[in-house]
Structures are given as C-alpha cells and as structure tokens.
Amino acid sequence: MTRRPLTAVGIAAALVLLLPNICDSAMAPKSESHFPVPSYESPQWWVNRGRADLLAAKAAASNLQRGRAKNLVFFLGDGLSLTSTMAGRVYKGQLQNRSGEEAQLSYETFPQIALAKTYDCDFQTSDSGATATAIGSGVKTNDGNIGVNQDVIRGNCTTYDPSKNLYSFMHYAQLAGKSVGLVTTTRITHATPAAMYAHSPSRSWESDANLPAGTDKTKCPDIATQLVSNAADWNVIFGGGRTNFLPTAESTIDYSNKNSSVSGKRQDGVNLINRWRNLQSSKMRRFAFAESKSQFDAIDPANTDYVLGLFAHEPPALPVGQRDGPDLSGAESLRDGGQSHSHSVPQSNALPFSWKLVASITLTMTTTASEPCTMSWSWTGQSLEQW
C-alpha cells in the first residue's frame, strides 16, 4: 500500500477536526453567561417559533403555484460562502450585544433558499468567471473562461470561435423584450459581471492592454469592448473600471483620491464611453452617462431610458458598516441603489432598495496553557446585506 505525503490541506483538515476537542477539554465550565438569555425566550417560545417557521414555509410553497413573476432581481454575492455568511451573521448579532448566531442576514429570510456547489470542468475550486458563467447560462466551463464552453482553453484565442459562446439569462431576457440592468460594486469588466454579457477565453482580458501580444483583437475582443457591443441595449449599467474604457492618451478624475488625475489603459486609442454615447444617439434614445455621484444625482429618470455609470477607475471602495461617507466617485450611489431616485426603466416597476456592507471575517483559533481557545479576528473581505 502506497502512502501519500501529508499535504497542507491534510494538515489543515486535521487541525479543523482537532480544534473542537482541544477547546472542549481546555475550557472549564463557567457559571456566568457572556450573552444573557433574552427575557422573551422560553421553551414554549421555541415551539411557537418552529411552528411559525413551518407555516411560513408551507405558505411559500403554496405561493409558488400562483401567478407569474413580472420582475426579477438577481443578487450575486461573489465569494459569499457559507462560512462568510456565518461570520457576517455572527458579527451582526454581536454588534447588537447578542451571541450572534440568532441573527439573520436579509437573504436568510427569503421564502425560498437553496444551496449550490461550485466547481469547474477542470478545477475543483472554481473562479468567479467560470462560476458566473455557469450561474448565468446553466453550463459549466473551464477555470477563467467567460461566457464560453469548456472547449475553449483559458488564455488561448486560437481555441475560440463564436459557436462556443454561452449566453446568460440576461441575454435571453433582452431578446424577450424585457428591460435589463447590471449593477456591481466591482469593475463592470470583472469576471462576475462580465459573464453576463461577454465571451472571452480569459477573465483577465478586461481591456486591450491585457491581451497577450499577437492576439487577434477582432476574433477575441477585450471585455470592455464587448460591453459596449453586446450590452448597448441594456437599460442600466453601473460599476467601476472606468480606465478600461479610456485610451492612455486621455485622463479621468479619481474622485475617491482627492480628485486626482488618472490615465486610461486602452492602447487602441478608442474611447469606449464615447462609442456607447454614439450608439445611443444613433438609435435616437434618451440616455445619460455618469462617473460621479453628482452626475448620478442629476439624472432625470423620467427622461432617461438608458444609463451607463462608471463610478471609479478601480472597484469602488465602500467603507465597511459606514452609512455616511465622502463622495466615493459614485460608490455611495451604488450603495444607496435608488433610494434617492429609483431609476425606473420601461416595462418595469421601480424597486427601490439599498444595501450596506457587512464584513467577512477570518477567525483564527489558538490554544495555550494560559489562554485556551483564544480567537482572533481579521478582515478579509466584504459582503452586502440589505439596509
């Protein structure tokens, strides 16, 4: 029998299994409670709560048989795993001076909730591009691919042709005459949002500056170019990554950094923002472009049917858990998400909503003779929760 070498993954798994036993044996029973039991809790309260949850689940199942949805808001938390959800839930509860686990994030209260496992055709741990492609199209693909099937090799333009394209539900919604919008708190060309409209052998090809030397730019256009060509008929597009749409000879304002100037990244000399404007003008549409909060606030929803907002040259930096803050190049408007004006689009009812950030936390547990099971916290990311 061949022995396999002990890997870092195996060590980590062993530590995870051992930690609960270590902590159980190291921690002596304590008489006091870190978090007092709420006065309303009782054995009967838990019975009543369970009964209420069961009735709510039955009602939700019954509602599935009624009517037909008119609008769909698809919210995707990139990297928002079960452990990230748990950490955010506990943090939220402990901010309210409770133990934490009894708290609920907004999406945990939805009437229908399901779990999905993520993996690529060629990798066990999926990246955002392949995962978003699978979510959007229903077809799995290779790691790093954007809107193309598994026959395309990552980073290899020669393996791509349009017959290998995968199309997202947003594409089909548009074909069905629906109003379509895409809002992200990262670059609009980032892997997750890009999978909704682009077809690329590599998530990294956000602008033509990222294409490898010798790449056929006609066969494999960069993702920013594809946004303008493939999503020109979408009603709302909000995100960051403005420099991917501007040539190196042009500069733009970095509103989040004392209004400093930053140059575009494109090497083909094309201003894609102007190209988008020209496309809208050629179709005689009512449109608007915004790159700052003041420009966003100036948009008149009653007279605007198509809007493009590129609010930062890099992902908008939103302050964790902070409701009020400086003008973060339109990021505040993304977070307020239509609270001030809902930006209704044709054929749809306006759905005002707003979001706040909840920290995703790494928990590190250490054990010593004097301090058994000491837990330290470090910030590793952010997730969104309804305000």
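Analyst: The sheet is open and has four strands in the order S1-S2-S6-S5, with parallel pairing; strands here are DSSP runs (E, at least two residues) and helices are DSSP runs (H or I, at least four), numbered from the N terminus, and two strands pair if DSSP finds at least two bridges between them. Strand S1 (181-187) and strand S5 (287-290) stand at the edges with a single partner strand each, so one side of each has no neighbour in the sheet. From one strand to the next the twist averages 5 degrees, where axes are lines fitted to C-alpha atoms, for helices over the stretch in contact, and angles run from 0 to 180 degrees between N-to-C directions.

This is a predicted model, in which local features need pLDDT of at least 70 and side-chain atom pairs count only at pLDDT 80 or more, while totals for chains, interfaces and linings use all residues. Residues are numbered from 1 along each chain as its sequence is written, and side-chain values use heavy atoms, leaving out hydrogens and water.

Strand S2 (residues 236-240) runs parallel to S6 and is joined to S6 by four bridges, and Gly239 stands opposite Leu310 in S6. Helix H8 packs on the sheet, touching S5 and S6, and its direction makes about 165 degrees with that of S5; contact means heavy atoms within 4.5 Å.

Leaving aside neighbours within four places in sequence, Trp234 is in contact with residues including Met170, Leu182, Tyr197 and Tyr306.
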